[in-house]
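Subject: Handover of a structure

Dear colleague,

Please find below the structure that I am passing on to you. A short account of the findings follows it.

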Amino acid sequence: METGDGFDRTDAKQGAAQDLKRAMNDLEADTVLGDAVGRDLVDNHIFMKRKEVIKTRDLEGDGLLDFCVYLP
């Protein structure tokens with residue numbers, strides 16, 4: 001259970017991934033969720049998000065914001 005403010009102070013033993021790449025690894029490993037939602041849907045989502053990680057890896061600032069707001 002988190003008792004910190006969730007921003008500057010965190011003390012939870014378990015939490016969400018720190019970035020999209022790790023989040024997709026976690027989602028891929030969660031076979032129970034994937035099977036419940038639908039394996040094909042989850043696999044496609046993971047594939048697309050991994051492409052997004054590649055497309056945005058060198059972006060920062062306004063370039064990253066533009067990508068996120070105006071998804072090409």
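Is Arg22 buried, partly exposed or exposed? Arg22 is partly exposed, because its relative accessible area is 45%; buried means under 20% relative accessible area, exposed over 50%, and partly exposed in between, with a 1.4 Å probe and protein chains only.

Please note that this is a predicted model, in which local features need pLDDT of at least 70 and side-chain atom pairs count only at pLDDT 80 or more, while totals for chains, interfaces and linings use all residues. Residues are numbered from 1 along each chain as its sequence is written, and side-chain values use heavy atoms, with hydrogens and water left out.

Arg22 belongs to helix α1, residues 20–29 (helices are DSSP runs of H or I with at least four residues, numbered from the N terminus). Arg22 forms a salt bridge with Asp19, their closest N and O atoms being 3.6 Å apart; a salt bridge is a side-chain nitrogen of Lys or Arg within 4 Å of a carboxyl oxygen of Asp or Glu. Asp19 is partly exposed, at 33% relative accessible area. The whole structure holds six salt bridges.

Val42, Ile46, Glu52 and Thr56 are buried in α3. These buried residues fall within an arc of 120 degrees seen down the axis, so they line one face of the helix; the arc is that of the directions from the helix axis to the C-beta atoms. Asp40 and Lys55, on the other side of α3, are exposed.

Asp35, Arg39 and Asp43 are linked in a network of salt bridges. Glu52 pairs with Lys49 at 2.9 Å between the closest N and O atoms, and they are three residues apart in α3. Glu52 counts as buried at 17% relative accessibility, whereas Lys49 is partly exposed at 23%.

The backbone oxygen of Glu52 also lies 2.8 Å from a polar side-chain atom of Thr56. Thr56 is buried, with a relative accessible area of 15%.

Yours sincerely

Notes
Helices (H or I, at least four residues) and strands (E, at least two) are DSSP runs, numbered from the N terminus. A polar contact is a pair of N or O atoms within 3.5 Å; within protein, one must be able to donate a hydrogen and the other to accept it, and residues adjacent in sequence count only if both atoms are side-chain atoms.
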